[in-house]
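Here is a briefing on one protein chain. Look over the fold first, then read the points below by topic.

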Amino acid sequence: MKKQLRIVVAAVCAFAMVGAFALTGCSSNSSSTEQKSDSTQTEQSADNNKEQVELQVFAANSLSKAMEEVQAAYIADGHTNVSFADTQYKASGELNEMLGAGSYADLLISASKGSMDTAAEKGYVDSSTRVDMFKNDLVMVSKEGTDIKDVTLQDIADGKYTFCVGDESVPAGNYACQSLSTVGVYLPPASDEGKTGKDISGKGGSYQAFVDAGHKVVTDTSVGNVCKHAQSGDVDVAFVYTSDVYRFGGVQIVGTVPADTHKNIVYPGAITSNCKNTEATQEFLDWCLSSDKAQEIWQKWGFELA
């Protein structure tokens with residue numbers, strides 16, 4: 001009888017210990033959950049308490065559609081303290097002119113290294129923050145639905161097609177000049193005599209001799225306007241970036257300009273010298289290059305991270 005009593009007592013003690021451990025575990029889990037909840041609330045509170053910042057971005061024309069989506073995604077990704085002023089999309093040379101005239105910007109993104117070099121030389125940007133952001137390709141496009149295809153630079157030189165390019169203020173126009181110089185359509189200035197392709201700047205030369213030979217050449221002040229000349233059928237072919245096909249529509253690629261006939265198409269970005277929101281601007285710039293969400297958007301619009 002005593003032995004049975006000892007067994008019952010031992011069993012009761014065992015059940016009591018299990019219950020105690022269970023209660024302790026529940027208490028621990030509850031405490032952990034509460035701590036996590038408190039931590040999340042603290043982080044949210046910190047985000048809400050951050051100083052509101054409005055960033056002004058100056059960006060190359062060809063970035064307009066992609067940048068609008070990226071800015072919206074940046075805010076939606078938890079940066080609720082950040083807003084964006086009316087982002088200025090212009091030819092890279094025009095953006096430099098605006099900065100030189102006293103216009104304010106936090107971030108400058110150019111469509112060519114040359115334009116950013118100029119911005120750095122004139123003191124518009126902080127060179128220590130400069131980074132190559134994207135790469136692009138130069139293509140030839142025609143009106144959507146056209147029978148034109150497989151166009152080459154030699155076809156242009158032979159006068160088979162009328163064409164449009166950007167003027168000297170437009171990086172895409174400079175790249176086109178470099179490429180067309182390799183087939184004698186664009187004649188470089190005397191200072192670049194004997195040079196063609198990526199060895200020239202694509203500025204200061206002329207298409208006049210080609211025009212005098214009876215061929216139609218149109219230049220315009222932005223890559224968007226250049227694309228419109230092809231969309232409308234005003235010209236057979238326009239020289240634009242791959243990203244412009246996604247951005248504007250209404251055109252189709254009929255030829256790719258060989259990459260070895262022009263300088264590498266790179267978009268550098270840099271924080272401006274008089275930026276008042278350096279930390280917030282740097283965070284946005286870093287996010288543009290590191291976020292998976294941002295990369296999906298850039299690729300959607302035809303840009304490849306450099």
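In helix H8 (residues 223–232), the buried residues are Val 223, Gly 224, Val 226, Cys 227, His 229 and Ala 230. Buried means under 20% relative accessible area, exposed means over 50%, and partly exposed lies in between (1.4 Å probe, protein chains only). Just after H8, Gly 233 takes a positive phi of about 85°.

This is a predicted model: local features need pLDDT of at least 70, side-chain atom pairs count only at pLDDT 80 or more, and totals for chains, interfaces and linings use all residues. Residues are numbered from 1 along each chain as its sequence is written, and side-chain values use heavy atoms, with hydrogens and water left out.

**Overall make-up**

- The protein chain has 11 helices and 13 strands. Helices (H or I, at least four residues) and strands (E, at least two) are DSSP runs, numbered from the N terminus.
- Of the 306 residues in the protein chain, 43% are buried.
- Among contacts in the protein chain with a separation of 6 or more, 76% come from residues 24 or more positions apart. Contact means heavy atoms within 4.5 Å.

- Two packed helices are described by the angle between their axes and the distance between the axes. Here, axes are lines fitted to C-alpha atoms, for helices over the stretch in contact, and angles run from 0 to 180 degrees between N-to-C directions.
- Angles under 35 degrees count as roughly parallel, over 145 as roughly antiparallel, 65 to 115 as roughly perpendicular and the rest as oblique.
- The axes of helix H2 (residues 64–76) and H11 come within 9 Å and cross at roughly 165°. H2 and H11 are therefore roughly antiparallel to each other.
- On the H2 side, the contact is made by Ala 66, Met 67, Glu 69, Val 70 and Ala 73. On the H11 side, Ala 294, Ile 297, Trp 298 and Lys 300 take part.
- By class, this contact of H2 with H11 has 7 nonpolar, no polar and 2 charged residues. Ala, Val, Leu, Ile, Met, Phe, Trp, Tyr, Cys and Pro count as nonpolar, Asp, Glu, Lys and Arg as charged, and the others, Gly among them, as polar.
- Helix H10 (residues 278–290) also packs on H11: the axes come within 6 Å and cross at roughly 65°. H10 and H11 are therefore roughly perpendicular to each other.
- H10 supplies Trp 287, Cys 288, Leu 289 and Ser 290, which meet Asp 292, Lys 293, Ala 294, Gln 295 and Trp 298 in H11. The residues of this contact divide into 5 nonpolar, 2 polar and 2 charged.
- Gln 299 sits in H11 (residues 292–300). Gln 299 counts as exposed, at 53% relative accessibility.
- Gln 299 and Ser 243 are 56 residues apart along the chain, and their C-alpha atoms are separated by 9.1 Å.

**Helices H3 and H4**

- Helix H3 (residues 92–100) and helix H4 (residues 113–121) pack at an angle of about 10°, with their axes 9 Å apart. H3 and H4 are therefore roughly parallel to each other.
- Ser 92, Gly 93 and Asn 96 in H3 meet Ser 115, Thr 118 and Ala 119 in H4. By class, the contact has 1 nonpolar, 5 polar and no charged residues.

**Buried side chains**

- Gln 178 lies in helix H6 (residues 171–181). At 2% relative accessibility, Gln 178 counts as buried.
- Leaving out residues up to four places away in sequence, Gln 178 touches Gly 197, Lys 198, Ile 200, Ser 201, Gly 202, Thr 261, His 262 and Lys 263.
- Cys 177 is buried, at 5% relative accessible area. Cys 288 is also buried, at 0%.
- A search of the whole structure finds 0 disulfides. A disulfide is a pair of cysteine sulfur atoms within 2.5 Å.

**Two loop residues**

- Thr 87 is in the loop between strand E3 (82–84) and strand E4 (88–90). Thr 87 is buried, with a relative accessible area of 9%.
- Not counting residues up to four places away in sequence, Thr 87 touches Gln 56, Val 57 and Gln 71. Thr 87 and Ala 59 are 28 residues apart in sequence and 7.3 Å apart in space, C-alpha to C-alpha.
- Asp 150 is in the loop between strand E7 (138–143) and helix H5 (153–157). At 62% relative accessibility, Asp 150 counts as exposed.
- Most residues other than glycine have a negative phi. Asp 150 has a positive phi of about 55° although it is not a glycine.
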